[in-house]
Amino acid sequence: MEKVILFGPEIYLLFIIFILFVQSLAKSTKVNWLPYATFLGIFISIFSFKFNGVLFLGTYKIDFLSQFFKFLTYLGLTLCVLNSLKNKTLSQEIRAEYYLFMGLSSLGLLFLSSAVEIFTIYIALELTSYSLYVLVPLRNQDPRAVEGAVKYMFYGALATALGLYGVSYILASKHTTYLAILLQESWKWSEAGLAILGLGMFLLSFLYKLSLFPFHFWSPDLYEGSSNETATFAATMPKLGAMVVLIRLAALSPDFNLKLALGIMAALSMTFGNLLALVQRDVKRLLGYSTIAHAGFIILGLVAGTKLGLGAAAFYSFAYLVMNLAAFWVITLLSQKGENITLEDLKGLAQREPFLAFVLAAASFGLAGIPPTVGFSGKFFLLTSAWGHGFNWLVIIAALNTALAIFYYLNLVRLAYTKEPEEKRLDISLNSRLVACLLGVAIVFFGLIPQNLLSFLIKAVNQLTP
Amino acid sequence: MTNTWPVLSLLIFFPLMSTLILLFCKKDKLVRVLTLIFSFIELVIALPLLKFKLGSAAFQFEEFRPWIEAFKINYHLGVDGLSYLMVLLTVLLLPLCVLCSWTYIQKRVKEFHICLLLMTSACIGVFVALDLVLFYIFWEAMLIPMFLLIAIWGGPRKKYASIKFFIYTLAGSTLLLVALIALYLKGGSFSLPRLLALDFPFKFQYWVFLAMALAFAIKVPMFPFHTWLPAAHVEAPTAGSVLLASVLLKMGTYGFIRFCLGLTPAASVYFAPLMIGLSLASIIYGGLVALGQKDMKRLIAYSSVAHMGFVTLGIFMFNLRGLEGAIMQMLNHGITTGALFMLVGAIYERSHSREIADNLGLGKYLPAYMFFFGLFSLSSLAFPGTNSFVGEALVLIGTFSKNKVIGLVAIPGALLAAAYMLRLLQKLAWGEPSKAKNFKDLNLREWAYLVPLAILVLYLGLAPRLALKTMDASINKTLVKIEKVVQKEKNIDLVLK
């Protein structure tokens, strides 16, 4: 019985998915109950913080880190569901199916948070990805959505195939797929070259999810093509799964050369993402490129390899989730007919919707890493933890990238605050404003008072290595 | 360690909190009155600061609370002789800024005053933070309200000016963050007092100095990093210009004294020739360019470059007089240039032009206005009896006592100041009136914000003793470290010989 409780958050989501499945069979489109259900899920995941244990022959571990990422998953899912309830580009009859796949994808993320065995990780990753492949093209008659979906799927299939191939190398040279045992093995290039090669390939499938350069080609097209609501989900949630697995893998403290390769990719990713974001007009596409830059940032904490670094990376995942959800939330609200938002649409937002403008400003400054936002604290922790571990050059590049990125983030704020409005007031419900404000406040709050969350995450990371 | 009465925290957080009240105000008039009241309350809050102990180099009014333990970051505040006067100046300027924007700002009044209050919070925070991370947070956070001040209420080229301002200053401070992190890992703490007690190896100081100096030089701004300043000044609304000139620029020179001289003394000595060269270039270049300006605001902006050149020159002389002069000059420039920007704002409200040619011959119709303009212009060109004379004289004494050639190069800079300010003054007072006939002279509100500054000009000019006394102990403490370095180098030279 106790084992069932350990599996609580997953069982609860499975239950939600089952109801959605029944609804889709019954052709019912009443899904307004869903946000309440996932909101309850947030509490279930918080409640589960106090458990820890191992399930399914040691392939599935419940610890602070996994439960924290489950909490983030539920948090993100709730906001994504709330966000997409008024999805205008989704036909009525497939509503239940839409949420069914969103739920399945999140279920995969829950599994990913706890998986500590390579095949389990692989299966969880596939569950997340395949559900998402189905979600992306669900935008009324829009060829761009199909294009994004196809790109996403082909790249994804290739990346996961390579990942599986890498697993075979690990298995062949180490004779085990348990991370805990792999952790104690030697990870020197001279002794375990084949395994490192395998690990590198396995990593690729996650770097792809994280849209790290040069595995990023799908992401701007995906965001631009899919509906605002789906983009919100696709831009934020899969990153969580990739992050938790990468944190677990980085705790293996692999060979320096592998880290060096990661570091170089991170540097390229930041610079490249920021440079391309500079010239974007479509806000979603802009955020797509900014995601690529942020993927590079998160890697900073991983290459440092210290507990502080991993804790900082986990913190940044949280920051990333909140900031992006806030930015996408505003975009979705602005888009009254479900169309893509360009920079011009932001003009005069401060006068039309002061709250939304504030949230957009908080999110932009947060993504740019300007204090006092959670983006700054996260960036600061990452830079501090990476300095002095052979990656000082990467820290300097990361810091300089702030200056590069500021232009396009600042542009969002400037347009929202300075121009006179061209359109009339938007029709936005009180609840939407409230959620937006909560997100904006969270961005500032965790920027000023990150202490509790950070120390919790460092405690969580400490559990990873015995 | 915590004081019973957290005066510095109150100074930072009171303006921040009062913005929450403003959020719910609907009427513009109410917003203005409330902000004015808040700014007077802020002055009252600052009163306990007058208990500042003269002649002590220690940090006073300290507050200490653990903040982010994993990285040993603390909420640590305090003032000493270097920052004390700047805090007072910032607090004093807030009500004056509200008054000088009373009729100037007509659109989005509420947001404007919120930005002003946020600016004040952040500026005070920069000067009183004794933890590097806390300092950096205020340092960067201050960019946001300033950016909005220029971008929303600015002139025709506000887009260009605001973005240029933001990117320039941010680009400078990205490496500052890296330097602070490096200091933390080398020194084991983000606490400024603790780091000040340490000696770092020269090679480390070399890089840290470069990273910090870039950030501060852009903020000051020193030639050749000055190009953002005229653009920002010309486009910013009056209150924005005042804050920019009086407080923001001082953060750069404050950073030089506190961080560069304090944490990296050896590198400061090593790089002093470069910094002195750039200071001289700023003085001469700023003066020459100011001479050719037609726009009053632009002229004063370039004169700022020259004045700040004197400040940095004084700093890198590494002697008591030079540093005294530098800090005096920081204060003086804040008072005088702030007042001049207010005056330009006042005449702009009448003539709707900042061109000198449109504002000729004011002396006949606006005698009170011209009186103040004359006083502050004289102060700007360091006329004896005004505050700037004390500052500039001290800097020059410091310079000559160290090196006569440098002093001789700086002298033409002082002359240039007389040339461009007197030219401006002469045209404004006695030129052929073009449209001045219908202008009204200063009203009560304008008197109210000019008189305090005028009193300060004369007070600091005639009796600078008290101000100098507040800073002497802290300056000497900073200089001790520098002298140690110089002594060491001399010893090495002797051995080599």
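**Exercise 1.** Is Asp221(A) buried or exposed?

*Solution.* The model is predicted.
Step 1. The relative accessible area of Asp221(A) is 16%.
Step 2. Buried means under 20%, so Asp221(A) is buried.

**Exercise 2.** Find which residue forms a salt bridge with Asp221(A), and state where the two partners lie.

*Solution.*
Step 1. The partner is Lys151(A), and the closest N and O atoms are 2.5 Å apart.
Step 2. Lys151(A) belongs to helix 7 (residues 143–174) of chain A, while Asp221(A) belongs to helix 10 (residues 218–225) of chain A.
Step 3. The pair therefore ties together parts that are 70 residues apart in sequence.
Step 4. Lys151(A) has 29% relative accessibility and so counts as partly exposed.

**Exercise 3.** Describe the salt bridge of Arg281(A) and Glu344(A) and the accessibility of each residue.

*Solution.*
Step 1. The two side chains meet at 2.4 Å, N to O.
Step 2. Arg281(A) sits in the loop between helix 12 (256–277) and helix 13 (283–304) of chain A, and Glu344(A) in the loop between helix 14 (307–334) and helix 15 of chain A. The pair links distant parts of the chain, 63 residues apart.
Step 3. With a relative accessible area of 45%, Arg281(A) is partly exposed. Glu344(A), at 36%, is partly exposed.

**Exercise 4.** State how Glu324(B) and Arg321(B) are placed in their helix, and whether each is buried or partly exposed.

*Solution.*
Step 1. The side chains form a salt bridge of 2.7 Å, N to O.
Step 2. Both residues are in helix 14 (residues 320–351) of chain B; they are three residues apart, so about one helical turn separates them.
Step 3. Glu324(B) has a relative accessible area of 2% and is buried, whereas Arg321(B), at 39%, is partly exposed.
Step 4. Turning to chain A, salt bridges with shared partners join Arg144(A), Glu147(A), Lys151(A), Asp221(A), Glu224(A) and Arg285(A) into one network.
Step 5. Over all chains the count comes to 15 salt bridges.

**Exercise 5.** Work out what makes up the contact between chain A and chain B.

*Solution.*
Step 1. Chain A contributes 36 residues and chain B contributes 34 residues.
Step 2. About 3,200 Å² is buried between the chains, and carbon and sulfur atoms give 81% of this area.
Step 3. On the side of chain A, Phe380(A), Arg414(A) and Gln451(A) lose the most area to chain B, together 18% of what that side buries.
Step 4. Zero salt bridges are counted between chain A and chain B, but four residue pairs are in polar contact across the interface.
Step 5. Helix 15 (349–352), helix 17 (374–386), helix 18 (392–418) and helix 20 (451–462) of chain A each supply at least two residues to the side that touches chain B. Helix 18 of chain A gives the most, with 13 residues.
Step 6. By class, this side of chain A has 26 nonpolar, seven polar and three charged residues.

**Exercise 6.** Compare the span of helix 7 of chain B with the expected value, then locate Thr399(B).

*Solution.*
Step 1. Helix 7 (residues 158–187) of chain B has 30 residues. From first C-alpha to last, helix 7 of chain B reaches 42 Å, close to the 44 Å expected at 1.5 Å a residue.
Step 2. Just after this helix, Gly188(B) takes a positive phi of about 80°.
Step 3. Thr399(B) lies in helix 16 (residues 387–402) of chain B and, at 0% relative accessibility, counts as buried.
Step 4. Apart from neighbours within four places in sequence, Thr399(B) is in contact with Leu313(B), Met317(B), Ile406(B) and Gly407(B).

Methods. Residues are numbered from 1 along each chain as its sequence is written. Chains are lettered from A and ligands numbered from 1 in the order in which they are written. Side-chain values use heavy atoms; hydrogens and water are left out. Contact means heavy atoms within 4.5 Å. Buried area is the accessible area (1.4 Å probe) that two parts lose on being put together, summed over both. A salt bridge is a side-chain nitrogen of Lys or Arg within 4 Å of a carboxyl oxygen of Asp or Glu. A polar contact is a pair of N or O atoms within 3.5 Å; within protein, one must be able to donate a hydrogen and the other to accept it, and residues adjacent in sequence count only if both atoms are side-chain atoms. Helices (H or I, at least four residues) and strands (E, at least two) are DSSP runs, numbered from the N terminus. Ala, Val, Leu, Ile, Met, Phe, Trp, Tyr, Cys and Pro count as nonpolar, Asp, Glu, Lys and Arg as charged, and the others, Gly among them, as polar. The expected span of a helix is 1.5 Å times one less than its number of residues. Buried means under 20% relative accessible area, exposed over 50%, partly exposed in between (1.4 Å probe, protein chains only).
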